[in-house]
Amino acid sequence: MRILSIIREMARIIVSEHQFPDCAFEKNETLETLIFGSKIKSIGAFAFSGCTSLKEIRFVNSSLEAIDNDAFRNTAITSVAIPDTVSYMGYGIFYGTNLISVRLPDSLRRLSHSTFGNCVELTAVDLNQIT
């Protein structure tokens, strides 16, 4: 499909829809930057898993509430600040990434297993009030 081949060549995507579907950009090796707009409420499972060039994620005026399982697994992300509106994060979200630092919101009360599994460079996690 022509649309799929165009999407595979994109290096930067601005997301503004309400829900980002499961596996939407899984294994897209050209994607480098994601900018999530204010309308996005959830990111589906494996949405960006295996996007090995993905280094930057930004949330602009975010109303994001949920990030599902393995959404950013095996990416090149080095730093991320999860918006204060997020209350749910599934398992393995950042598994195998290049994360060095991460800030989690006060609204998040629980971490699922393998959230930071195999993140060998991770040196700083701001947990706020998570138990």
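Mentor: Strands here are DSSP runs of E with at least two residues, and helices are runs of H or I with at least four, numbered from the N terminus; Thr97 has its place in the loop between strand S8 (88-89) and S9. This is a predicted model, in which local features need pLDDT of at least 70 and side-chain atom pairs count only at pLDDT 80 or more, while totals for chains, interfaces and linings use all residues. Residues are numbered from 1 along each chain as its sequence is written, and side-chain values use heavy atoms, with hydrogens and water left out.

Trainee: Why is Thr97 called buried?

Mentor: Buried means under 20% relative accessible area, with exposed over 50% and partly exposed in between, for a 1.4 Å probe and protein chains only; Thr97 has 3% relative accessibility, so Thr97 counts as buried.

Trainee: Which residues does Thr97 touch, not counting those up to four places away in sequence?

Mentor: With contact meaning heavy atoms within 4.5 Å, Thr97 touches Phe72, Asn74, Thr75, Ile77, Asn118 and Cys119.

Trainee: What makes strands S9 and S10 a pair?

Mentor: Two strands pair if DSSP finds at least two bridges between them, and three bridges join S9 (residues 101-103) to S10, the two running parallel; one of the partners in S10 is Val125, bridged to Val102.

Trainee: Why is one side of strand S7 and of strand S10 left without a neighbour in the sheet?

Mentor: The three strands form an open sheet in the order S7-S9-S10, with parallel pairing. Strand S7 (79-81) and strand S10 (124-126) stand at its edges, each with a single partner strand, so one side of each lacks a neighbour there.
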